[in-house]
Amino acid sequence: MSLQKKVALVVSAGLLVFMTIAGLVGIQALQRSTHRTLQERLAMAQLIAQGIDQLLGRALYSLRHYPLSETIDLEDGDLAPERRALLDLYHTGLFNHDVFLLDKYTTVLWQEPYLPEAVGYPFLDYYVTSVLATGEPTIYSSIDPQSNRALISLATPIRNKEGTIIGILGGRIESTHLTVAGLMRAGAIGRTGYADLVDENGTVIASTQPEHLLKKNDHWNYLLPLIQSKQPQVKTYPDVKESEPQHTDVVAFVPLAMTSWGITMEQHKAEALANVRDLQKQMVMVGIPALLISLALAWVGARSLVKPIRILITGCEKIAEGDLDAPVLPRGSGEIGTLARAFETMRTRLRASRSALEKANQELDDKVTERTQAIAEQTRELSVLNTVAQEVNQSLDLDRTLGNTLDRVLEALETNTGAILLYIDNGHIVLKACRGLGEDYIKSLAHLGTGSGLLGQLTPWEESNALEKHPTPETGSIKKGQYFVNVPLTSKGQTLGVMVITRHQERPCTPRELELLTAIGQQIGVAIDNAKLFQEARNREQEAEALGQIYVDISALLDTDRILNSVVESARHLLGTDVAAIALADDQGQTIFIKATSGPLSKAFKDIRLEAGQGIAGKVIAEGKVVMVEDYVNDSTIVHAVDAAVGENGLRAHLAAPLKIGDRVLGSLEVADRTAHPFSQRDAELLSRLADQAAVAIENATLYAQIERMAVLEERDRIAREIHDTLGQTVAYLGLKIISLKRLVASGQIEQIREELGEIENALRGATADVRDAILSLKMGISPNVGLVPTLTEYVERFGELAGLKTEITVTEGAPVKLAPMAEVQALRIIQEAFTNIRKHAQANKATLRLEAENGWLKLTAEDDGRGFESALMERHDGRHFGLQTMQERAQSVGGHLHIETAPGKGTKVIINLPNEVKDNVNGKNNNPLGR
């Protein structure tokens, strides 16, 4: 076979292979074109769906946030403001059919445009009842009974200040709305294309084909699963219309985000894919002639290849001229090919010798340059690391540190675009520093959660080799041709965040720069860790101060209800929750009830009654430990006995701690939020500490109440003794006098009778004074709301009126007067006993009481200008000075002491010294001068 035939045969075979590959590529191109056409339909449907969603979103937003919501008060009986606001809402143009205001019974209060026949009657669309049932805004399709046109209806609840639904605000949009119609027209492509808006039942609400309205979509059976799963799809389906010949339609379906509806774009397949079919025909018509022409050209071209000798001669001439770069290509396997290879070997060896000399010189120059560059690069890296180290170590202000550090890194990498983002506890990423990124892109970064978006795909970054290049989204100020370098910020084996740096593709990061960024990321991670530890220490210090202040506040209270109310208020504000409550168990521990609440809660919640082990409070009281619930509705560990009350208030996340005294559980302190989320261990510890303080305060209040009851019993005993020593003896004396008087009457001794009657009169007068004194003592008591000084002032004044004496009370200016509760009671009783003695025995004209503060003691001095007595008489124990002994015992029982200064004709001083419990307010405690 001649060389020309061989060449022609080889070329022809190559052409056949090429044409086969080209055919396969063409088929793939047709498939891609078909796919692109379908995706264009889907993209168009998505644009229409986004437009409808935006319209519905704006409409729903106007209902929920329009100023009408601030002026509505359906309970004040005046609808004028609501009418004006409703008219303004209608004039916004979002609702081209009407807007309406309903009460909680769905009766029409007003409607724009105004329809007299509608106001005062039930609203015809029964779907609005779902707003009352769910308490959430609703979007639904309806039909205008008058015009029989399709409507898009939106309704949202109106709540009062307590959160109770008191009415409904809504509006309706016709399918002829300019926005709806304009969006739908975009889906009418070609001669057979049209677009439908279908609801969850397959009914067409809006369409570019008016005859489709209020009818089932042609492909509803195929679209039903897509609506239910809210999945967009483009696909071909057989047509089901009986009025038209059988054909196949291209159907693109996109669900709406705002409701369970969808947009369909439909077109005959033959029309939709007409361009693809035309391309198929052209490929066939062009491909066959092209193959034939190529075979002919191969035969002709082979003839030009039979002249290899000319090429060999040309190569030899170039070698002779010193051109060693042009190769001498072997031609064939015969002698010409052998000769050509010999010339090529010679050319190669000659060029290698010359290149070796040039290469040796170049390598020496390259080594010098490379070493110089390496030293400069190391110096720059050390400078950058030193600068970053100074930035991260000079301040604990994290935001400032991260911003300055990002500036240094961008400067070192000679770029101006980057950001630093940190992880937060709830699984999201927060933007802490940003340079050169567009506002929209910054917002998208700031709301990324782990596992979502560009950054989420890279998490978790556990090792430094996670640095990778990723394509940049075409949003914000970032342009095509750039790429990301994501630097993990790590400390102690934990990833705390990421630093994102962008550079142009023409200047990618070198391996040394990536190593430098890894080291910088570790430095920043340590700085973040240190700042977090510092902030945590500060938070714990602030919490400790807050708990200390709370303990001082509740310790100062003696009323249990006030303590409980203070505790729930403190718990809600300290942990930043929506509500807080305290539940207590009865004495038998079988019934649990809500005792105090803070935050907006319904009456049903406040009236909750639980049995042991039921609900969160029952579980806490039964187990005696902290209970954390991330989502109450879906928590199977709770005995759900009060779901209705909890659900009515929308409470989801709960944290509860037991109120314990030793091993005894008094109840539970609980905080809750209306959004589901986990509480941290730190929250649990904080609530437990507050619960422990509350339990101690409650126990103290209970003990104080017991002490008050004991004081009452003691007071009764004192009254019994006084009645026995005064009125009892007086009555017995009067009895003896009456017996004596009877004898004198019988004997007719008139003068003795008069004397006896005078003595009886004096005894009765003394008894009357004793009764008045006893009544005054009973009426005078220490009240936490009044205090010691006002009580003593009132007693001294009234005593003077009853006893006919001049009385006076003085308090040293600035003397702080605050005793323990029992000390106040005993001080009052001692003063009452002293003044009673003045009335009975002193024969005084004036009595005074003086209060002074001396070295942490309160000194009370009761003084009279009466006859006095021998102080030696106080040493006797003959029963006649029982009152003085009682006064001594009362003072000693509260840690005080009492002594008496007296002499015949010099009056008497009763001096009582009691420990003063006033605290210094500078140390965070109470300082209350002269009473409470």
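Two strands are said to pair if DSSP finds at least two bridges between them. The exercises below apply to a predicted model.

**Exercise 1.** Determine which strands pair with strand β9, and in what sense.

*Solution.* Step 1: strand β8 (residues 233–238) forms 6 bridges with β9, and the sense is antiparallel.

**Exercise 2.** Decide whether strand β9 is largely enclosed or open.

*Solution.* Buried means under 20% relative accessible area. Of the 8 residues of β9 (residues 248–255), 7 are buried, so the strand is largely enclosed by the rest of the structure.

**Exercise 3.** Describe the packing of helices α21 and α22.

*Solution.* Step 1: two packed helices are described by the angle and the distance between their axes. The axes of α21 (residues 788–803) and α22 (residues 821–842) come within 11 Å and cross at roughly 15°.

Step 1: angles under 35 degrees count as roughly parallel, and α21 is therefore roughly parallel to α22. The crossing is right-handed.

Step 2: α21 contributes Leu 788, Thr 791, Leu 792, Tyr 795, Val 796, Phe 799 and Ala 803 to the contact, while α22 contributes Glu 824, Leu 828, Ile 831, Gln 832, Phe 835, Thr 836 and Arg 839.

Step 3: classified by type, the contact residues comprise 9 nonpolar, 3 polar and 2 charged.

Terms used
Residues numbered from 1 in each chain as written. Predicted model: local features only at pLDDT ≥ 70, side-chain atom pairs only at ≥ 80, totals over all residues. Heavy atoms only, no water. Axes fitted to C-alpha atoms, helices over the stretch in contact; angles between N-to-C directions. Helix = DSSP H or I, 4+ residues; strand = E, 2+ residues; numbered from the N terminus. Parallel < 35°, antiparallel > 145°, perpendicular 65-115°, else oblique. Left-handed = near helix turned anticlockwise from the far one by under 90°. Contact = heavy atoms within 4.5 Å. Nonpolar A, V, L, I, M, F, W, Y, C, P; charged D, E, K, R; others polar. Buried < 20%, exposed > 50% of the residue type's maximum accessible area, 1.4 Å probe, protein only.
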